[in-house]
Structures are given as C-alpha cells and as structure tokens.
Amino acid sequence: MNGISLGTLPVPGGATAAAALDVASAYLSPALLNHSLRAYLWAAARGTADGLAFDAELLYVAALFHDIGLVPVFDSHTVAFEEAGGHVARVFAAGAGWPAERRERLSDVVVRHMWPQVDAATDPEGHLLARATATEIVGKEADTYPSRFRDEVLDRYPRLDLAAPFLACFRDQAARKPDSAAAGAVRSGLADRMAAHPLDSDRGRERT
C-alpha cells in the first residue's frame, strides 16, 4: 500500500453521493458518521492497493448507510440492523433515480458487511466494506495500512466516542434479536476485541 493517501483515493462528488452524505449527517451521530466515512476510506484504499475494480459511488453510499439501521428512527424489531439499513439504502437509491438492479446491489452490500466473508469476484464492494468495517470495529488488518495513511484518516475523521455507544447498540441488538449477526458478534467476545483495538490506542497513531 505504499503511496496510498487520501489524495490518491476516489471520492465520489456527484449529486447522489452528496445527498447520501446529507442524509447520513442528519441521522448518524458524529462518531458514527466519522466511522462510516473511515470505512469507505479503508475500503477504497484496500481496493486500490489490491488492484480490485470497484464502483466508488456504490461503495461510498453503502458505507454511509451500512449502520443506519442502528439509529433509533430506523431500528427494526423484526429484522437485523443490517437488513433494516439495506431497506433504507434501497429507498434512498430509488429516490436518487437508481435503476432496480443497482438499488438491489446497494442493499446487498449493506447487508453483507456483517458477513464473515464476501467473495471479491462476485461482490467487490461488499468484500471491501466487510473488511473495512472489521478494521473499524475490532482493528482487523489495521496494521496492513501504512502508519502515515492511518494517521491521515484518523486526523481527518477522528474516532471520537465510537466504542462505548457502538458496543451498547450491539448488545441491545443482541438482546432483542438473538439470532442476528450482531448477537453472534457479542457472544464471540466483541467487547474484548474492541477493547484491544489498535486504533483506539497510541499504537494506532505511531508514525514510521
């Protein structure tokens, strides 16, 4: 990943991307919004470094909406938060004029960010977002990004108070939806993995 920087990454600047950012900014907490923007940057950096062709606009919008199902006004008591988020994203994309197939792809990417693995060949955006959100929440593969790039991302979009409210959301999801992926994450030691997150410690900000 040598040479990767914020300036080298594609950041969609069209009307749909701007509208998605407006919606996310209106409903997500500052910490959750920064988390979503960082998720896009980790994903775009991974895809760029690996030479994986991806749809930057699709990935960006999916990153902005991937956790919107955790927001109380969009929370669902019948489906997992990622499925609820997929529905919100699909409705947004319909309003943005996306065709049905592209709306379906967006929903799939949002839902699949909670999958343990997503096939890069069939869903590059889902693959990149799933890996990026794992980096964001438990620090998986964080050390594979150059330290200067990590610092650049964290300076632009600080982590703020993400950890405690996020864990509380997942515990609430687990209590109400025991068969969900969030519940599985809580049962498998999410709290301990989050507590050891390298990006929440001085180690995550060291320069080399």
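In this predicted model, helix α3 (residues 56–65) and helix α6 (residues 124–138) have axes that come within 10 Å and cross at roughly 40°.

**Helices α3 and α6**
- The crossing of α3 and α6 is right-handed.
- On the α3 side the contact is made by Leu-58, Leu-59, Ala-62 and Ala-63, which meet Glu-125, Leu-128 and Leu-129 in α6.
- Sorted by type, the residues of this contact between α3 and α6 comprise six nonpolar, no polar and one charged.

**Helices α2 and α7**
- The axes of helix α2 (residues 30–50) and helix α7 (residues 147–156) come within 10 Å, and they cross at roughly 155°.
- Since angles over 145 degrees count as roughly antiparallel, α2 is described as roughly antiparallel to α7.
- The crossing of α2 and α7 is right-handed.
- From α2, the residues Arg-38, Leu-41, Trp-42 and Ala-45 meet Phe-149, Arg-150, Val-153 and Leu-154 of α7.
- The contact of α2 with α7 is built from six nonpolar, no polar and two charged residues.

**Confidence**
- The protein has an average pLDDT of 94, and 96% of the residues score at least 70.
- Over residues 202–208 the pLDDT stays under 50, although the model has 20 contacts beyond four places in sequence for this stretch.
- Where pLDDT is low, predicted coordinates should not be read in detail.

Terms used
Residues are numbered from 1 along each chain as its sequence is written. This is a predicted model: local features need pLDDT of at least 70, side-chain atom pairs count only at pLDDT 80 or more; totals for chains, interfaces and linings use all residues. Side-chain values use heavy atoms; hydrogens and water are left out. pLDDT is the predictor's confidence in each residue, from 0 to 100. Contact means heavy atoms within 4.5 Å. Axes are lines fitted to C-alpha atoms, for helices over the stretch in contact, and angles run from 0 to 180 degrees between N-to-C directions. Helices (H or I, at least four residues) and strands (E, at least two) are DSSP runs, numbered from the N terminus. A crossing is left-handed if the near helix is turned anticlockwise from the far one by less than a right angle, and right-handed if clockwise. Ala, Val, Leu, Ile, Met, Phe, Trp, Tyr, Cys and Pro count as nonpolar, Asp, Glu, Lys and Arg as charged, and the others, Gly among them, as polar. Angles under 35 degrees count as roughly parallel, over 145 as roughly antiparallel, 65 to 115 as roughly perpendicular and the rest as oblique.
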